[in-house]
Structures are given as C-alpha cells and as structure tokens.
Amino acid sequence: MVASLRAAIFDLSLKPGQRLVERELIERLGVSRTTVREALRDLISDGLVTVVPQRGAIVSIPSAEEAADLYEIRAVLESLLVRHFVDRVDDDDVARLVASVDEYDHVVATSTDVREILAAKDRFYAVLLAGAQSPTLQQLLGGLKARVHVLRATSLAEDGRPQQVVSELRAIVEAVCQRDGALASQLFAEHVRRASATALRALERGQNAAAPA
C-alpha cells in the first residue's frame, strides 16, 4: 500500500498539491480505511504527504526555504558521493558511469516525458551509489530522495534544463575519468546548485500564480 502510493507520487501519477481522499484511495487500491490511514501516516513521516487544514492530506509541495535547505544538503552529500566513487572504483565502474550518461543523453534527445528523464537520471545515480561503496551515504541519500523528488521533477521540467544537465554530467564524468576527485566533487556541487536555482525559480513562479490578485 505505502509502496504503491510512493510509486504513484514518484512517477507523478499523484501530482504535487493533489488531494488524497481516503474514499478514493480505498476504491482505487482495494484496501481498508485503516490501511489507507496507516499508509498516509508513513508518507507524512517521509515528507511526501502534508496535512493542510480544511483540505486534508495532499501530495507535498515544499516551500522555497525547505527546497533551498534540501538542495544544499544534496550538494554536500552528493559531492562526497562522487569523491568516494573516484577513490574506490575500477575502470569497469567508470565505463558504466559513462554509459549511464550516454543513456541519459539519449533519453533527453528523444523524449520530453519528465518521468522518463528522471528514471534515466536515477540510473546514473545508481551507478554512483554502487561504486561509492558507502552504506551510510546510500542510507542518507535514500531518505533524502523522497523529499527532493518533486523538486527534481520541477527542475527537469524547465525548458532547456535537461540539455544543460547532459553537459554538466559529461563534465563530471570527464573529471572522474581523469581520477580527479576534487574537481568531480566541485562540479557535482555546482550541478546540484544549478538545479536548485532552476527549481526555486519555478516554485516562485508557481507561488506567484497562485497568489490572489
């Protein structure tokens, strides 16, 4: 039940701000009211669902302040992740990372579906996580992934951003191929902060559009 709702949020079948009505979830998933309530409690703990007065449970929309904090944490953790990758991998691991960026480039060139683009980016991250060989970082980033998923989708939905990401990832991978952990780490932090700026601009536009005239 929780896995089904989490997957629906991750693939944007349930969109940011969408109400989660108990009766509709019971009918959609064929489960009891108790099961739905337990699942919603878990998703609230994950930060994926928020309870809004007079509206009930909705798919979370992070505030600008929360988004900025989450991206800064990502920048720190992911720059450390790529440094570990450089220090701990062999040539085969590097080749897999190069291939994952090639795949991401192909998806960006052939699709505008944000879900497909996110999935391709996740495959890049999967190679990084495996090569970095750090259960601690994997656990921390796994917990963060749920909180930043909507933000990542927001950033990658911006015109031109997926193509910029291709260039940024290729620069990171070039530093990895040169076994320059410091440069790869710096470039990854810059990549995350550019994504942050893009997502924050999109959030601000959305908030302004929603504000009463």
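Helices are DSSP runs of H or I with at least four residues, numbered from the N terminus. The structure is a predicted model, in which local features need pLDDT of at least 70, side-chain atom pairs count only at pLDDT 80 or more, and totals for chains, interfaces and linings use all residues. Residues are numbered from 1 along each chain as its sequence is written, and side-chain values use heavy atoms, with hydrogens and water left out.

**Helices H7 and H8**

Helix H8 (161–177) is followed by Arg 179, which has a positive phi near 55°. The 17 residues of H8 reach 24 Å from the first C-alpha to the last, close to the expected 24 Å; the expected span of a helix is 1.5 Å times one less than its number of residues.

Buried means under 20% relative accessible area, exposed over 50%, and partly exposed in between, with a 1.4 Å probe and protein chains only. In H8 the buried residues include Arg 161, Val 165, Glu 168 and Ile 172.

**Cavity and pockets**

On a 1 Å grid over the protein atoms alone, a cavity is a set of points where a 1.4 Å probe fits but cannot get out, whereas a pocket is an open set with protein on both sides within 12 Å along at least five of seven lines; lining residues have an atom within 4 Å of a point. Grid points are joined across faces, edges and corners, and a volume is the space filled by probe spheres set on the points. The residue classes in the table count Ala, Val, Leu, Ile, Met, Phe, Trp, Tyr, Cys and Pro as nonpolar, Asp, Glu, Lys and Arg as charged, and the others, Gly among them, as polar.

| Space | Volume | Lining by class |
|---|---|---|
| Largest cavity | about 70 Å³ | four nonpolar, two polar, four charged residues |
| Largest pocket | about 240 Å³ | six nonpolar, two polar, five charged residues |
| Second largest pocket | about 160 Å³ | six nonpolar, one polar, one charged residues |

The structure holds one cavity of 30 Å³ or more. Its lining includes Tyr 71, Arg 74, Arg 152, Ser 155, Arg 161, Val 165 and His 191.

**Ser 185 in H9**

Ser 185 is placed in helix H9 and counts as buried because its relative accessibility is 11%. Leaving aside neighbours within four places in sequence, Ser 185 is in contact with Ser 79, Leu 80, Val 82 and Arg 83, contact meaning heavy atoms within 4.5 Å.

Definitions and conventions: Helix = DSSP H or I, 4+ residues; strand = E, 2+ residues; numbered from the N terminus.
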